[in-house]
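Student: I have a model open and would like to talk it through. Could we go over the charged pairs and the contact between chains?

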Protein chains: 2
Amino acid sequence: MPKDTFSYESIGMIRTPFKSPDGMPIQPVGADTTEGIVKIDSSYADGLADLGGFSHCILLYHFHASGDDAPLSVKPFLDNERRGVFSTRAPQRPNPIGLSVVSVESIEGRELTVGGIDVVDGTPLLDIKPFVPEFDVPSETETGWMDASESTIRSEQADERFL
Amino acid sequence: MPKDTFSYESIGMIRTPFKSPDGMPIQPVGADTTEGIVKIDSSYADGLADLGGFSHCILLYHFHASGDDAPLSVKPFLDNERRGVFSTRAPQRPNPIGLSVVSVESIEGRELTVGGIDVVDGTPLLDIKPFVPEFDVPSETETGWMDASESTIRSEQADERFL
């Protein structure tokens with residue numbers, strides 16, 4: 001099939017305490033206490049209206065620190081086997097779009113303060129969506145190879161594997 | 001701040017029974033019984049390995065049927081007030097990237113059959129991620145203006161508002 005190409009523009013930047021992927025929590029649940037500031041480009045600030053009523057939102061962003069390599073199998077943090085990239089959350093992917101569910105702490109002008117952030121400082125923002133359990137949470141789930149307990153994920157941190 | 005531009009390539013196509021947004025369920029939970037087939041471009045098929053162990057995955061795709069208009073406030077299906085676009089799931093967004101949580105029904109070669117699909121037939125696929133409750137489900141949530149019961153969402157269908 002013909003491949004279409006889509007061009008997206010950064011709509012802002014995510015500021016966090018993590019200057020590099022090394023030592024960063026691997027997912028939001030492991031970063032509960034970490035706040036970040038999502039700075040929206042001023043031309044999009046009006047789009048933040050009404051987001052304050054939601055406890056959580058979904059950030060979509062570009063994995064800017066993951067390099068250009070995108071193998072179809074990767075060795076994830078939580079495993080020692082190589083796994084198909086689409087069964088992992090590795091930043092190295094054919095289209096390096098990242099997704100994090102974070103808490104909405106406050107909104108002031110074009111700055112959205114979020115909690116539980118797990119991205120590298122300076123990450124370019126692509127989209128913000130409200131998190132809606134009725135849309136986003138299936139009733140029963142299984143997690144295949146991952147089979148990771150929440151406590152394991154909380155204690156895991158990034159290493160050089162995803163640099 | 002300077003705006004960066006990112007270029008992503010379609011990695012496949014989502015085939016569904018919905019030939020247009022009209023009459024389509026507005027979110028996966030309203031489309032429980034609808035199956036779709038995600039056809040991955042053959043060059044990416046190996047990336048599907050290990051996804052079969054997960055009950056659900058997250059599809060990221062390009063809203064190809066939403067037009068070029070991207071107002072910063074929209075009138076969503078579930079409300080009669082205009083709302084900031086980042087507090088809605090409207091397809092018309094600064095970067096028209098869509099997100100759906102769907103069930104993984106089966107994988108055969110480069111075809112992934114999913115359940116609970118809510119996108120228009122022919123939607124270009126950008127990414128597939130495993131759905132992991134420990135990453136993706138906050139413990140307590142509030143949904144602001146939406147305040148929609150699951151039963152309401154199940155009964156709602158798209159109308160011309162998002163065409």
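**Salt bridges and the chain contact**

Tutor: Asp121(B) and Lys19(B) form a salt bridge, with the closest N and O atoms 3.0 Å apart. Asp121(B) sits in the loop between strand S8 (111–115) and strand S9 (123–130) of chain B, and Lys19(B) in the loop between strand S2 (12–15) and strand S3 (35–40) of chain B, so the pair links distant parts of the chain, 102 residues apart. Please keep in mind that this is a predicted model.

Student: Is Asp121(B) buried or exposed? And Lys19(B), buried or exposed?

Tutor: Asp121(B) is buried, because its relative accessible area of 14% is under 20%. Lys19(B) is exposed, with a relative accessible area of 63%.

Student: Which residue forms a salt bridge with Asp121(A)?

Tutor: Arg15(A) does, and the closest N and O atoms are 2.9 Å apart. This pair also links distant parts of its chain: Asp121(A) lies in the loop between strand S8 (111–115) and S9 of chain A, while Arg15(A) belongs to strand S2 (residues 12–15) of chain A, 106 residues away. Asp121(A) counts as buried at 14% relative accessibility, and Arg15(A) is partly exposed at 35%.

Student: Which residues are linked with Arg15(A) in a network of salt bridges?

Tutor: Lys19(A) and Asp121(A) are linked with Arg15(A) in that network.

Student: How many salt bridges are there over all chains, and how many across the interface of chain A and chain B?

Tutor: The count over all chains is 14. Across the interface of chain A and chain B there are 6. One salt bridge joins Arg93(B) to Asp127(A), at 2.7 Å from N to O.

Student: Turning to the interface itself, how many residues does each chain bring to the contact?

Tutor: Chain A contributes 77 residues and chain B contributes 77 residues. About 7,200 Å² is buried between chain A and chain B, with carbon and sulfur atoms giving 63% of that area. There are also 36 residue pairs in polar contact between chain A and chain B, counting those with both residues at pLDDT 80 or more.

Student: Which element gives the most to the side of chain A that touches chain B?

Tutor: Strand S9 (residues 123–130) of chain A does, with 6 residues. On that side of chain A, 39 residues are nonpolar, 19 are polar and 19 are charged.

Student: What about Lys129(A), where does that residue lie?

Tutor: Lys129(A) lies in strand S9 of chain A. Lys129(A) is buried, with a relative accessible area of 2%. Its side chain makes a polar contact with the side chain of Asp127(A) at 2.9 Å, and also reaches the backbone oxygen of Ile97(B) at 2.6 Å. Leaving out residues up to four places away in sequence, Lys129(A) touches several residues, among them Cys57(A), Leu60(A), Phe63(B), Phe86(B) and Arg93(B).

Student: Which residue forms a salt bridge with Lys129(B) in chain B?

Tutor: Asp127(B) forms a salt bridge with Lys129(B), with the closest N and O atoms 2.9 Å apart. Asp127(B) and Lys129(B) are both buried.

Student: One last topic: how many bridges join strand S1 of chain A to strand S1 of chain B?

Tutor: There are 5 bridges between strand S1 (residues 5–9) of chain A and strand S1 (residues 5–9) of chain B, and the two strands run antiparallel. Phe6(A) stands opposite Tyr8(B) in S1(B).

Terms used. Residues are numbered from 1 along each chain as its sequence is written. Chains are lettered from A and ligands numbered from 1 in the order in which they are written. This is a predicted model: local features need pLDDT of at least 70, side-chain atom pairs count only at pLDDT 80 or more; totals for chains, interfaces and linings use all residues. Side-chain values use heavy atoms; hydrogens and water are left out. Contact means heavy atoms within 4.5 Å. Buried area is the accessible area (1.4 Å probe) that two parts lose on being put together, summed over both. A salt bridge is a side-chain nitrogen of Lys or Arg within 4 Å of a carboxyl oxygen of Asp or Glu. A polar contact is a pair of N or O atoms within 3.5 Å; within protein, one must be able to donate a hydrogen and the other to accept it, and residues adjacent in sequence count only if both atoms are side-chain atoms. Helices (H or I, at least four residues) and strands (E, at least two) are DSSP runs, numbered from the N terminus. Ala, Val, Leu, Ile, Met, Phe, Trp, Tyr, Cys and Pro count as nonpolar, Asp, Glu, Lys and Arg as charged, and the others, Gly among them, as polar. Two strands pair if DSSP finds at least two bridges between them. Buried means under 20% relative accessible area, exposed over 50%, partly exposed in between (1.4 Å probe, protein chains only).
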